[in-house]
Amino acid sequence: MEFFPEESKHLHEDCSTLIVPALSIGNVGQLAADLLISSMDAERVGYLDDPYVLPCVGNDAYGPSPQGILALPLEAYESSSSALTILQQRSPIVKGRILEFAKDLADFVAGSGKKHVVILSSLDFRMWQNVDMSSGLQMYYVSSANIDGMDENCEQLGWKKLKEYDPSQKHWKYLSDLAEGNITREDILSDEDEQEEENYYASLPFAALFSFLKAKGLKVTCLLCYCSEGDNISDAFQLAEAVSKFLKLSHPTSASGIEGEKWRVPLSWRTLYGPPPDVSMF
């Protein structure tokens, strides 16, 4: 993975916290990253190139009006006021290459001087075993703060540790051993192992990123929410709000009447899910 800075810009060492979305159902992690970039007045400082990320290109993503600035697959943004770096990923990983991508990203992050990585991802609502909506959408987490994945700060916010995270379970242990160099990719689990329901969580991109970043000695926190495929804007607001609480972020600007006038909606969201339905058909 190679970093290409914008002219006269670079990654600042004082922006020691990095936010990274992990691709999953509904793309909620990327949508939340969009909200954070737009609302924190973060500026693009460069882009990254990796052979395992599919190419794509688009128009200016954040506005407030189109400037003809191209959006690329992997971009780095920084908010100096919040000492925060946000990595936005706009295209998927080459099929079957998530482990290679996770290793490349971990090498880059460790070499850039980051201390804390916050991974944002969504989980398939169909896998949710104990549904409890009494207090709204429940946030889940996995942290490197303790061996069992627990984090006192997350618990104080009322979030629950993802109970499916078990570092001794076969698939999670495989990821950890691979990240630490104790085994090679040739020791890959069988197809039958991959298809077992208990391995669903460990097979997701966030799990690979968590394992490889943790192996570099970095502090890593995964913030997770369950969702279904469809219009996931409300899920993105929820996840972005969780990041804001967790990192105690302040918002320099506010959106116009959206979500309590706290979040600025990106320009690219105007065509995110197409035009609203024609009300005459109801």
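Where is the place of K248? In this predicted model, K248 is found in the segment after α7 (233-247). The residue has a positive phi of about 55°, although it is not a glycine. Most residues other than glycine have a negative phi. K248 counts as exposed, because its relative accessibility is 72% and the cut-off for that class is over 50%.

A second residue of this kind is N27, which is not a glycine and yet has a positive phi of about 55°. N27 belongs to the loop between β2 and α1 (28-39). Its relative accessibility is 40%, so N27 counts as partly exposed.

From these positions the reader may turn to helix α6. Eight of its 11 residues are buried, and α6 is therefore largely enclosed by the rest of the structure. The buried residues are F206, A207, A208, L209, F210, S211, F212 and L213. The elements that cover them include the strands β2 (17-21), β6 (116-124), β7 (139-143) and β9 (219-227), together with the helices α2 (98-111) and α4. Just after α6, G217 takes a positive phi of about 85°.

Two packed helices are described by the angle between their axes and the distance between the axes. The axes of α4 (residues 170-179) and α6 (residues 205-215) come within 8 Å and cross at roughly 40°. Because of this angle, α4 is oblique to α6. The crossing of the two helices is right-handed. On the α4 side, the residues in contact are W172, L175, S176, L178 and A179; they meet F206, A207, A208, S211, F212 and A215 of α6. Sorted by class, this contact has nine nonpolar residues, two polar residues and no charged residues.

Y165 has 5% relative accessibility and so counts as buried. F210 likewise counts as buried, because its relative accessibility is 1%. Ring pairs also join Y165, W172, F206 and F210 into a cluster. Of these residues, W172 and F206 take part in the contact of α4 with α6 described above.

Definitions and conventions:
Residues are numbered from 1 along each chain as its sequence is written. This is a predicted model: local features need pLDDT of at least 70, side-chain atom pairs count only at pLDDT 80 or more; totals for chains, interfaces and linings use all residues. Side-chain values use heavy atoms; hydrogens and water are left out. Axes are lines fitted to C-alpha atoms, for helices over the stretch in contact, and angles run from 0 to 180 degrees between N-to-C directions. Helices (H or I, at least four residues) and strands (E, at least two) are DSSP runs, numbered from the N terminus. Angles under 35 degrees count as roughly parallel, over 145 as roughly antiparallel, 65 to 115 as roughly perpendicular and the rest as oblique. A crossing is left-handed if the near helix is turned anticlockwise from the far one by less than a right angle, and right-handed if clockwise. Contact means heavy atoms within 4.5 Å. Ala, Val, Leu, Ile, Met, Phe, Trp, Tyr, Cys and Pro count as nonpolar, Asp, Glu, Lys and Arg as charged, and the others, Gly among them, as polar. Buried means under 20% relative accessible area, exposed over 50%, partly exposed in between (1.4 Å probe, protein chains only). Rings of Phe, Tyr and Trp (its six-membered ring) pair if their centres lie within 6.5 Å; planes under 30 degrees apart count as stacked, over 60 as edge-to-face and the rest as tilted.
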